[in-house]
Amino acid sequence: MKSVILVSLIIFISIPAHAFTLSNSGRVNLPGPEVAIVVASNTCSVAGFNSAQELADMVQESVDAYWNRIPTCALELTVEGVNSSIDTSSDGLLEALTKTPIGKILVGCSDDADLFDSSSTLGVGSINTASGDRGAFLLNNRSTVFANQSQQEKLAVIAHELGHAFGLGHSGDPTALMYYAIGGKVQENLSIDDYDACSYLYPHDSPGGCSAVPVMPPGPRSGLKSFKKQSGNKTFAESNSSISLMILTLMMTLFFGCLWREYKARNLLS
Amino acid sequence: MRFLIILMTAILFSHNSMALVSLGGYVPFGPSTQKDVTGSTNTFSFSPMVSVNTIIPTPFYQQLFLPELAMVFHSEDQDGYSKRTTLFLLDFGHLLTSDLIFRYGVGTALTRISGEGGTVVLNNGSSTSTYYQPDESSTSWNTTINLGIEGQVIPNYSMRFQTYWFSVFNSEARKASYSLNLVYYL
């Protein structure tokens with residue numbers, strides 16, 4: 001039977017590569033998991049958008065397709081709309097960051113020659129690495145490189161730059177959305193590496209996410225069949241297993257710990 | 001309060017309980033995650049999983065109480081980070097036949113990601129940049145809804161397939177992980 005277990009494990013286990021990184025200033029993340037995205041008002045016609053609202057709609061589609069779909073990550077991105085007072089048409093990334101409202105992410109496009117000196121660069125994004133209070137990304141509006149991408153690739157590029165804007169660096173895993181290049185691959189889903197990256201920076205915390213796990217002493221050495229006969233027996237009997245008592249104590253500690261977490265979370269929410 | 005009632009009920013009927021251990025594989029969010037550049041998904045990418053649990057009969061018709069503690073050991077990149085998932089399950093089982101249990105319940109999944117820090121140089125556009133790696137631990141807590149089935153294959157051994165539904169009230173983030181285990185009755 002041991003060999004069956006071993007063979008089963010070998011068959012079913014695969015070894016995915018994990019390699020996400022953080023920004024080039026270490027762990028910096030936005031203040032809250034609920035982050036609003038504002039879109040600059042300048043039109044990104046070279047990048048293929050007829051209006052700023054069209055870009056805003058694509059950004060919303062992108063976050064819904066990628067970052068908002070991770071159960072273990074608390075990050076929740078929402079497009080607030082177009083901000084008519086913000087124009088990024090010739091900005092570098094630092095200029096864009098200074099125009100970004102605190103706690104938010106700014107999305108825009110630019111034809112800045114220093115920023116997009118390579119015609120293959122689709123976009124550039126970053127979090128404010130000094131304080132982590134805001135993030136921004138700009139699409140290449142100097143050449144038609146972004147406009148020439150497929151719809152799926154455009155969504156992936158926007159999600160990739162948003163990843164930089166909320167604190168992620170590149171990944172060494174070619175499967176990941178945060179890999180440095182998008183050419184030659186299909187990116188319809190996030191990889192486990194992307195899931196872990198987002199979960200590391202913005203861990204999910206369920207307010208009532210606890211359950212009790214009391215463990216009882218071991219019983220007869222038989223299979224499931226015995227329970228059909230035993231389920232009607234209601235006589236109380238004490239445990240005579242010290243190991244079982246230790247496990248029970250551990251589980252009850254976890255149980256009451258969970259209850260305490262839930263109590264604290266509810267008090268904080270109310 | 002309902003947890004206390006369940007706990008007390010479990011203690012009262014503990015004399016019929018049975019301890020179990022299991023070995024198997026766990027797939028986190030399989031069909032929702034990508035495993036290679038062609039876009040195929042991690043449907044069968046199992047990570048090793050071990051668990052201890054009990055079966056406790058209840059006074060309710062054909063219902064069993066099946067609390068469980070499970071650990072999933074994810075693979076680790078050489079210069080990356082480590083990840084571990086711990087599942088606290090509060091499941092019940094309905095005896096469909098003498099050899100088959102339908103499992104249902106709730107649980108808590110703790111996903112812990114930690115790293116030892118350091119930097120790595122990676123491509124960035126047409127040049128390279130230095131990026132930082134995780135240097136501390138971070139734990140996500142999730143409530144799960146669990147559904148599964150367990151069938152006895154030979155005496156003292158059974159096979160179990162179980163699904164763990166995360167973020168059930170969030171239509172975008174609702175995802176399922178699943179496991180396949182070989183269970184041994186101690």
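**The sheet of chain A**

I looked up the sheet and found that five strands of chain A form an open sheet in the order 2-1-3-5-4, with mixed pairing. Strands here are DSSP runs of E of at least two residues, helices are runs of H or I of at least four, and both are numbered from the N terminus; two strands pair if DSSP finds at least two bridges between them. Strand 2 and strand 4 of chain A stand at the edges with a single partner strand each, so one side of each has no neighbour in the sheet. Neighbouring strands of this sheet are turned by 20° against each other on average, direction ignored.

I note that this is a predicted model, in which local features need pLDDT of at least 70 and side-chain atom pairs count only at pLDDT 80 or more, while totals for chains, interfaces and linings use all residues. Residues are numbered from 1 along each chain as its sequence is written, chains are lettered from A and ligands numbered from 1 in the order in which they are written, and side-chain values use heavy atoms, with hydrogens and water left out.

Next I followed one pair: strand 3 (residues 105-110) and strand 5 (residues 135-140) of chain A run parallel and are joined by six bridges, and Val107(A) stands opposite Phe137(A) in strand 5 of chain A.

**Helices across the sheet**

I then checked helix 2 (residues 52-65) of chain A, which lies across strand 1 (34-40), strand 2, strand 3 and strand 5 of chain A and runs at about 180° to strand 2 of chain A. Helix 4 of chain A lies across strand 1, strand 2, strand 3, strand 4 and strand 5 of chain A, at about 25° to strand 4 of chain A. Contact means heavy atoms within 4.5 Å, and angles run from 0 to 180 degrees between N-to-C directions of axes, which are lines fitted to C-alpha atoms, for helices over the stretch in contact.

**Two residues with positive phi**

Most residues other than glycine have a negative phi. I found that Phe29(B), not a glycine, has a positive phi of about 55°, and that Phe29(B) lies in the loop between strand 1 (18-27) and strand 2 (47-57) of chain B. Ser167(B) has a positive phi near 45° and is found in the loop between strand 9 (157-166) and strand 10 (175-185) of chain B.

Are these residues buried or exposed? Phe29(B) is buried, with a relative accessible area of 5%, and Ser167(B) counts as buried at 15% (buried means under 20% relative accessible area, exposed over 50%, partly exposed in between, with a 1.4 Å probe and protein chains only).
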